[in-house]
Amino acid sequence: MATASPTPAAPAADGIAPRLPSSVIQSLRLARYQFRDYLYSRRFVLMLSIVAALGAIFTALVGYFRPAGLLAAPDVFYGSLWAGGVPIVIVFAGVIFGGDAIAGEFQNRTGYFLMGLPVRRAAVYAGKYLAALAASLIAVLVFALILVGNGVFYFGADALPLAFVASLLIACVYLLALLGATFLFSSMFKTSTYAVLVVAVLFIFGFGILQSVVTDLAKIEPWFIISYASPVIGYPFASTLPAHVVTHTSATGAVLGTSYNPTYLEGIGIMFGYFLLTAIGGLVLFEREEFA
Amino acid sequence: MNAPSLEARDLTKSFGKFTAVDGLNLRIEGTKCVGFLGPNGAGKTTTLKLLTDLIFPTRGECLVNGIPVRDDRKAALARCGVLIESPEVYPSLTPYQALEMVADLRNLSGPERRRRIPEALEEVKMSEWSDKKVGKFSKGMKQRINIAAALVHDPEILILDEPATGLDPRGMAEVRDIVRTLKQRDRLILMSSHILPEVTDVCDEVALINKGRLLFYESLDAVTSRFNAAGASVDATFARPVSDADVDRRIGGLTGVSRVERLDARRLRLHLPPGLEQEASLLKSLVGLDLGLVGFQESKSALEEVYLSQIERGD
């Protein structure tokens, strides 16, 4: 039995009590403010600096060496530089915008501000995800602009292949998946530094090493590793797709090893699978996390 | 319209082997200001976090306006303003933008927003800083923004966890003024605090908690009456040292004085029967002794006395 008020209860006077917006609307509104926070943050400047540096290196190397093979056709040019560079941009965007997106709410105590409001945790999670996605997309688009600028310089404005649009869309799906994964890892920690460190190590080195270990030692196709899917970004530029399974043999015919390339469907399936599973996983973790 | 309410039912929260809140049953209903008191580690903040779904109960439940917060935090907190543990606002936002975000998430209309945001900023005396980034603000300034964020939608229920934390004396007085103003607007305010004079000043009722258990929940009047039944004490300060002879014969012999304690050479604590008349009579007598009386005040407030006795009993 609860200890009740010692004095009679009086009703409250009418205040401002508007009907709350739906959780979807709340997450979109939250995303807008989060995005604004990203735009004015040092991490956004850092991300743009990384993109600019990568673009500058590509521009300088191609401009200086003028490799004939690379400049033979627009498809080869974009297939090498764009498909090789954009996964790096996406990984950095994931680390910078997603690494501490959730952990930071605990460490910086901004979560106490948000969670005192009548919003579902799912709306907060989605809002932060959308903001990180928008900020990352800007980085990807800036990188795309730098490469297109180079492409126009070497091949003219008419030579931008349609494949570039397809590749850009696949890159966006990869970004969805990778950000989902970084949000999942971010939800596991309450300290920004740990979260960023784990995400950075995992995505910059960890998954690559794991992929090699799985392929070379366990000799199985690493379809469960997100980075395995990234070569699909370059497939729209390829005249022929690489074989799904490649067996390497010596001159005597002895089998040296096997390597794998994802199929189109498999690669995109891995990306969407990662996105769905990590989004659900991260959300479940965030729902259970306490602001203790 | 129903009376606003906050309720804890068999509320228990454990962190490993430590039980921070232990079977708390408390129902606060109506428009009033309730002081939520207790020593450090008593479970005040934990209780407020449970009420606002920042943490989850090990057992029991919390209801806001009859809505279980674990089941539907959005509906439960819709009419609440919450300030718990000095939160941080996103540093790149200005106070106006931060309140705009709160107003947006609460669906305040454009005209309401344009009216309420400047009002809330004015209430916490932050109008002149409304377009500066929060990241550069002092702790006290940030706390003012947090208070404004809790007030911006003119909430029916206000849950404040030590709102004066980080504020200078002027800021603390302003918080008291804000709470008083809200009381006049018929709101339910639950405010945890260590500052007993602050609670005495603004609260109608007090709930005392220690070791996660509710010791009492009473009106401030009832607390005062309970204390007065046990007797009172006043501290008297003199301009010059008082001799032992004067203490024993002249002061100790005054009508109503049951005991005299020496605090230092110039300060004495006098125990006397309860009642303001007794105090007035004693003051008149002390002045008449011509010992250079320069100060005369109650040594402890009723709330402080009850607080200390209850906590000591619990320990």
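Modeller: A salt bridge here is a side-chain nitrogen of Lys or Arg within 4 Å of a carboxyl oxygen of Asp or Glu. By that rule the structure holds 39 salt bridges over all chains. This is a predicted model, in which local features need pLDDT of at least 70 and side-chain atom pairs count only at pLDDT 80 or more, while totals for chains, interfaces and linings use all residues. Residues are numbered from 1 along each chain as its sequence is written, chains are lettered from A and ligands numbered from 1 in the order in which they are written, and side-chain values use heavy atoms, with hydrogens and water left out.

Colleague: What makes B:Lys13 and A:Glu290 a salt bridge?

Modeller: The closest N and O atoms of B:Lys13 and A:Glu290 are 2.7 Å apart, so the pair falls within the cut-off of 4 Å. B:Lys13 sits in strand β1 of chain B and A:Glu290 in the segment after α9 (264–288) of chain A, so this pair joins two chains. Helices (H or I, at least four residues) and strands (E, at least two) are DSSP runs, numbered from the N terminus.

Colleague: How do you know that chain B and chain A are in contact?

Modeller: Contact means heavy atoms within 4.5 Å, and 67 residues of chain B meet that condition with 53 residues of chain A. The two chains bury about 5000 Å² between them, 58% of it on carbon and sulfur atoms; buried area is the accessible area (1.4 Å probe) that two parts lose on being put together, summed over both. In chain B, the residues that lose the most area to chain A are B:Lys74, B:Tyr90 and B:Leu105, together 18% of what that side buries.

Colleague: How many salt bridges does the rule find across the interface of chain B and chain A?

Modeller: The rule finds 4. B:Asp104 and A:Arg32 also meet in a salt bridge, at 2.5 Å from N to O.

Colleague: Which element gives the most to the side of chain B that touches chain A?

Modeller: Several elements of chain B supply at least two residues each to that side, including β1 (5–15), β2 (18–29) and α4 (110–123). α3(B) gives the most, with 7 residues.

Colleague: Where is chain B divided into domain 1 and domain 2?

Modeller: Domain 1 of chain B covers 5–225 and domain 2 covers 230–314; the bounds come from an automatic or database domain assignment. The centres of the two domains, taken over C-alpha atoms, are separated by 38 Å. Their contact takes 16 residues from domain 1 of chain B and 8 residues from domain 2 of chain B.

Colleague: What do domain 1 of chain B and domain 2 of chain B bury between them?

Modeller: They bury about 1000 Å², 78% of it on carbon and sulfur atoms.

Colleague: Why is the pair of A:Tyr78 and A:Phe237 stacked?

Modeller: The structure holds 24 aromatic pairs over all chains. In this one the ring centres of A:Tyr78 and A:Phe237 are 6.4 Å apart and the planes lie at 20°, so the pair is stacked. A:Tyr78 is in helix α3 (residues 74–98) of chain A and A:Phe237 in the loop between α8 (192–218) and β1 (245–249) of chain A, 159 residues apart, so the pair links distant parts of the chain. The rule pairs rings of Phe, Tyr and Trp (its six-membered ring) if their centres lie within 6.5 Å, and counts planes under 30 degrees apart as stacked, over 60 as edge-to-face and the rest as tilted.
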